[in-house]
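Me: I have a model open and some labels to check. Let me ask where each one comes from.
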Amino acid sequence: IEVLERFAYYGIYMGFGIYMEYLGYSKGQLGIVQSIFLLFSYTLPIFSGTFADKYGFKKVLIVSYIAYLPTILLLMVTQSFSGIALTMLGIGFAAGIFKPLISGTVRVTTDKTNKTLGFGIFYAMVNVGASFGPVVAGKLRAISWNHAFIVAAICIGVMFLFTILFYKEPV
């Protein structure tokens, strides 16, 4: 799940400046959108982790996918500045919900004999997704921006299925 999420997240984020330029927006406008995006993406985990502890990791993961999927697909049709800003706010919101959940799962499913290995595997998956997402998205956007957005949305859909079918709520 972590590989796919980072693949989708960084596949969109790393090329987003190019996309804004392609649509004719300035670097200042890009800075505004990225600031909003990063604000949500990096502050929301404080709250979403609390909700996961209270309501269950699996339920909160599903909420993040429900937020992620339509906002990624909205990038295909939204071209106004306010629309793009709100769409990226939605993606940042979804990412912020997701961020603490897999590391939290690693925390509660490992013990003192394997926690370092567990976190090592977790961060390896983060790096694999973050490395390949921008490369694949870059190749796809050379064909069409929509292809890159669709592949990111497919990743979220696969995450949703994996979570529904295979994710077991940690104790």
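Me: At what angle do the axes of helix α3 and helix α6 cross, and within what distance do they come?
Reply: This is a predicted model. In it, the axes of α3 (residues 27-43) and α6 (residues 81-109) cross at roughly 25 degrees and come within 7 Å.

Me: Why are α3 and α6 called roughly parallel?
Reply: Angles under 35 degrees count as roughly parallel. The α3 and α6 axes cross at roughly 25 degrees. Therefore α3 and α6 are roughly parallel to each other.

Me: Is the crossing of α3 and α6 left-handed or right-handed?
Reply: The crossing of α3 and α6 is right-handed. On the α3 side, the contact includes I32, V33, I36 and F40. On the α6 side, it includes A85, M88, L89 and G92.

Me: What classes of residue make up the contact of α3 with α6?
Reply: There are 13 nonpolar, 4 polar and 1 charged residues. Gly counts as polar, and G92 and G96 of α6 are among the contact residues.

Me: What makes α5 roughly antiparallel to α8?
Reply: The cut-off for roughly antiparallel is an angle over 145 degrees. The axes of α5 (residues 57-74) and α8 (residues 145-166) cross at roughly 160 degrees, coming within 9 Å. So α5 is roughly antiparallel to α8.

Me: How does α5 pass α8, and which residues make the contact?
Reply: The crossing is left-handed. From α5, the contact takes in L61, I62, Y65 and I72, among others. From α8, F149, A152, I156 and F160 are among the partners. By class, the contact of α5 with α8 has 14 nonpolar, 2 polar and 1 charged residues.

Me: Why is I12 called buried?
Reply: Buried means under 20% relative accessible area. I12 has 6%, so I12 is buried. I12 is found in helix α1 (residues 2-13).

Me: Which residues does I12 touch, leaving out those up to four places away in sequence?
Reply: I12 touches I72, L75, M88, F149 and A152. I72 also belongs to the α5 side of the contact with α8. F149 and A152 are on the α8 side of that contact. M88 takes part in the contact of α3 with α6.

Me: How do you know that the radius of gyration of the chain agrees with a compact globule?
Reply: With 171 residues, a compact globule would have a radius near 16 Å. The chain has 16 Å, so the values agree.

Me: What does the secondary structure of the chain come to?
Reply: The chain has 8 helices and 0 strands. Of its 171 residues, 46% count as buried.

Definitions and conventions: Residues numbered from 1 in each chain as written. Predicted model: local features only at pLDDT ≥ 70, side-chain atom pairs only at ≥ 80, totals over all residues. Heavy atoms only, no water. Axes fitted to C-alpha atoms, helices over the stretch in contact; angles between N-to-C directions. Helix = DSSP H or I, 4+ residues; strand = E, 2+ residues; numbered from the N terminus. Parallel < 35°, antiparallel > 145°, perpendicular 65-115°, else oblique. Left-handed = near helix turned anticlockwise from the far one by under 90°. Contact = heavy atoms within 4.5 Å. Rg over C-alpha atoms; globule rule 2.2 N^0.38 Å. Buried < 20%, exposed > 50% of the residue type's maximum accessible area, 1.4 Å probe, protein only.
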